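Here are some notes for a colleague who is about to look through this model. Please read them with the structure open alongside.

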Amino acid sequence: MSATSDQRHLTPPDIRARKGGTPLVTLTAYTTPMARLVDAHCDIVLVGDSVGMVLHGLPSTLGVTMEMMILHGQAVARGLSRALMVVDMPFASYEEGAAQAFRNAARLIAETGAAAVKLEGGAHMAETVAFLTARGIPVMGHVGLTPQAVNQLGGYRVQGRGADAERIRHDAVAVAEAGAFAVVLEKVPDALAREITQGLDVPTIGIGASADCDGQVLVVDDMLGMFTEFRPKFVRRYAELGGEADRAIAAYAEDVRARRFPAPEHVFGEEPGK
Ligand code: KIV
């Protein structure tokens, strides 16, 4: 996403205008090569704080820092020419209040070139969302299961079942009315996600929510099958790259031990060109 690029990126108003239209395609990316791959197919590319678990082996997203988000954001920006780039605000970078949130959101935007930030939380974050959007920082909301609140929620459980539905409905409306240009609905029951989608005038982006959301998001490594163990219900695996990588690495190890690699075509002779 360089300032000299002549190809136009989708903008938050473009995304907002897609409410009720062709579903918005969103994937995460954390590196330049992956950003290049997803840019051709996605409307939104999210530099998610899931990077902490996916690439850094952290047990949750709580240990992710501003520095990590900036570094991965810069890498992703180099690979995008069309999609809207959104960067997650990491845990403890915005919850103290609107001024802290503005300071850190502005840093993410200025240092990565992203056009928007995403932050987790519903009604209690509405004031912060309004503060940022009034000052030129587009915000994507994130309600339902908010992984940064995993300790408070007691795990990565579906949110909004039964009497709890009203809380999630209220959260989604609050962040949308505060000015969010889109709202992620994570792990909420299908019917509730559909009802929220019908009630909001900004797009909903579902993950473990409903096919009737205005768009969908997945962690790219999950849908590529990079992890053999991790198989959440809400992920469809479009490839099994983890298994494929394991087979390739095992074959390399066998070849090295048997001195089958390098072969004559991989080594250099005395004469140039050989
Ligand atoms: O961090 C992330 O990847 C996310 C998406 C899964 C919504 O927040």
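Predicted model: local features only at pLDDT ≥ 70, side-chain atom pairs only at ≥ 80, totals over all residues.

Leaving aside neighbours within four places in sequence, with which residues is Glu186 in contact?

1. Once its neighbours within four places in sequence are set aside, Glu186 is in contact with His142, Val143, Gly144, Leu145, Pro147 and Ile207. The residue belongs to strand 6, which covers residues 182-186, and the UniProt annotation "active site", from an unreviewed entry, covers Glu186. With a relative accessible area of 11%, Glu186 is buried, because the cut-off for that class is under 20%.

2. His142 is placed in strand 5 (residues 139-144) and counts as buried at 4% relative accessibility. Not counting residues up to four places away in sequence, His142 touches Lys118, Leu119, Glu120, Gly121, Pro147, Val183, Val184 and Glu186.

3. Lys118 is found in strand 4, residues 116-118, and it counts as buried at 3% relative accessibility.

4. Leaving aside neighbours within four places in sequence, Asp88 is in contact with Leu46, Val47, Gly48, Asp49, Met69, Leu108 and Lys118.

5. Which residues does UniProt list for "binding site"? The unreviewed entry gives Asp49, Ser50, Asp88 and Lys118. These residues span 70 residues in sequence, yet no two of their C-alpha atoms are more than 12.4 Å apart, so they gather at one spot. As with the annotation of Glu186, which also comes from an unreviewed entry, the listing is reported here as it stands in the record.

6. Is Gln159 buried or exposed? At 7% relative accessibility, Gln159 counts as buried, although its place is in the loop between helix 7 (150-153) and helix 8 (165-177). The side chain of Gln159 makes a polar contact with the side chain of Arg167 at 2.7 Å. Leaving aside neighbours within four places in sequence, its contacts include Gly144, Leu145, Leu153, Asp164, Ile168, Lys187, Val188 and Pro189. The C-alpha atoms of Gln159 and Ala245, which are 86 residues apart along the chain, are separated by 35 Å.

7. A last point concerns the surface, where Tyr252, Val256 and Phe261 make a nonpolar patch of about 280 Å². Of these residues, Tyr252 has its place in helix 11, residues 241-257.

Methods
Residues numbered from 1 in each chain as written. Heavy atoms only, no water. Patch = residues over 30% accessible without salt bridge, like charges linked within 9 Å, V, L, I, M, F, W, Y side chains within 5 Å. Areas by Shrake-Rupley, 256 points an atom, 1.4 Å probe, with all protein chains shown as cover. Salt bridge = Lys/Arg side-chain N within 4 Å of Asp/Glu carboxyl O. Helix = DSSP H or I, 4+ residues; strand = E, 2+ residues; numbered from the N terminus. UniProt positions renumbered as here; feature names shortened; annotations may be inferred. Contact = heavy atoms within 4.5 Å. Buried < 20%, exposed > 50% of the residue type's maximum accessible area, 1.4 Å probe, protein only. Polar contact = N/O pair within 3.5 Å; in protein donor to acceptor, adjacent residues only side chain to side chain.
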